[in-house]
2 protein chains.
Amino acid sequence: MFAMGVSSTKLGVIIVAGGVGNRMGASVPKQFLKIGEKTILEITLRAFLGRSSEVVVVLPGDQHERWAAICAESGLLGTHKVCSGGATRFESVRCGLGVLGECDLVAVHDGVRPLVSAEMIDRGVEVALAGGSAIPLVEAVDSFRVATEGGFRVADRSKLRAVQTPQIFRTDLLREAYQTEPQPCFTDDATVVERLGVELGYYAGERSNIKITTPEDLVIAEALIGASAK
Amino acid sequence: MFAMGVSSTKLGVIIVAGGVGNRMGASVPKQFLKIGEKTILEITLRAFLGRSSEVVVVLPGDQHERWAAICAESGLLGTHKVCSGGATRFESVRCGLGVLGECDLVAVHDGVRPLVSAEMIDRGVEVALAGGSAIPLVEAVDSFRVATEGGFRVADRSKLRAVQTPQIFRTDLLREAYQTEPQPCFTDDATVVERLGVELGYYAGERSNIKITTPEDLVIAEALIGASAK
């Protein structure tokens, strides 16, 4: 491998925004809901624009027009590529990979995690550069139980870690991994890449880097953005 | 067992507020931090006052004076008992049980979960009346990994449930359970009662019923309270 610094790395980014947001109870796809003046997807995109060589936003085809209008208003036209997603997250990432140009690393990120920090992205890039992959984990705060046939048993909280995005990989590794057939166990990119038999690298996520899936999450995200702006 | 309705049930409540709140980075114990005009512990207490026959607040001895002053200001003197906690949660609950008078059910609740709803308490009481115990669970939202000797393996999210409070029990059951010796695996009351060999009952918790442990949680709680007041 070449010695390569964080600053000289060509980082490609795939932002997956395929969801229609059923849990949100809103008619608007959740990535288009607003936090303050900006849509969630716009905030997510802006988090990566200064730190990457190329960004691909994967979005259902019937939402492209709406997104283009948002981008025109916000001066975001021409800053990134847009492509249509597939029926599953796996297919959406594969679509994104098909559009993405040449780069050293690829970061795959949820479109509805707008609160990812610059520091967190940098940490992930560093770990991925060193070992080929970087999966962000945060400690579990709650106690957990695990469903069994008869009921629930206690889970060992000290061993549980919540998985976030961006998950960052050496480009060749991620491309190779996505040549496989989709499987139900592919819940994120880590599970896809793991199938190659490689050992994954991990880095520290951030609790504030929440995934917005319910109306309450939107309230929480607004509060966190408001607090960090103070 | 007697047929007993939710409304005629004598519900005793033990609110455990033993923490000094190291993770909060504040010099004030976290139960005394404010959400709006009120301390967290006051909001938690008020959630139970109308729905219980008796409330015991378990609080470190050196915080009693401060709490009494808060109660005097807020008209809460005489609405509940206060007792000193022990070095562990187990000992604190046992202290609370020592002070608690006669009641049909006992609900044990974290002092820093102020957002518990009346509906949730009622649901738990109903389940505990029917089967002797009621442990609130909510579905896991994030993906999780489990620490192994070599790294982390994927956890099956569909089987994971986060455990909350109030955990509600038939009084005789909880008293019997707490006659045992404390053990490191006793992370909540469910794990203590389970040691008797009884099968636990479960009920639906609420995602908004968060445990406030970090400055971010406080921001989140403020936002959720603000949103529900709208």
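Okay, quick ground rules. It's a predicted model, so to speak of local features we need pLDDT of at least 70, side-chain atom pairs count only at pLDDT 80 or more, and totals for chains, interfaces and linings use all residues. Residues are numbered from 1 along each chain as its sequence is written, chains are lettered from A and ligands numbered from 1 in the order in which they are written, and side-chain values use heavy atoms, with hydrogens and water left out.

Let's start with helix α4(A), residues 118–131; helices here are DSSP runs of H or I, at least four residues, and strands are runs of E, at least two, numbered from the N terminus. Which residues of α4(A) are buried? They're A:M120, A:I121, A:G124, A:V125, A:A128 and A:L129, where buried means under 20% relative accessible area and exposed over 50%, with a 1.4 Å probe and protein chains only. Down the axis of α4(A), those buried residues fall within an arc of 165 degrees, so they line one face of the helix; the arc is taken over directions from the helix axis to the C-beta atoms. A:E119, A:E126, A:A130 and A:G131, on the other side, are exposed.

After α4(A) comes A:G132, with a positive phi near 100 degrees.

Now strand β7(A), residues 133–139: 6 of its 7 residues are buried, so the rest of the structure largely encloses it. β7(A) pairs in parallel with β12(A) over 3 bridges, pairing meaning that DSSP finds at least two bridges between the strands. There, A:P136 partners A:Y203. With β10(A) the sense is antiparallel, and A:E139 partners A:R161.

Technical notes
The expected span of a helix is 1.5 Å times one less than its number of residues.
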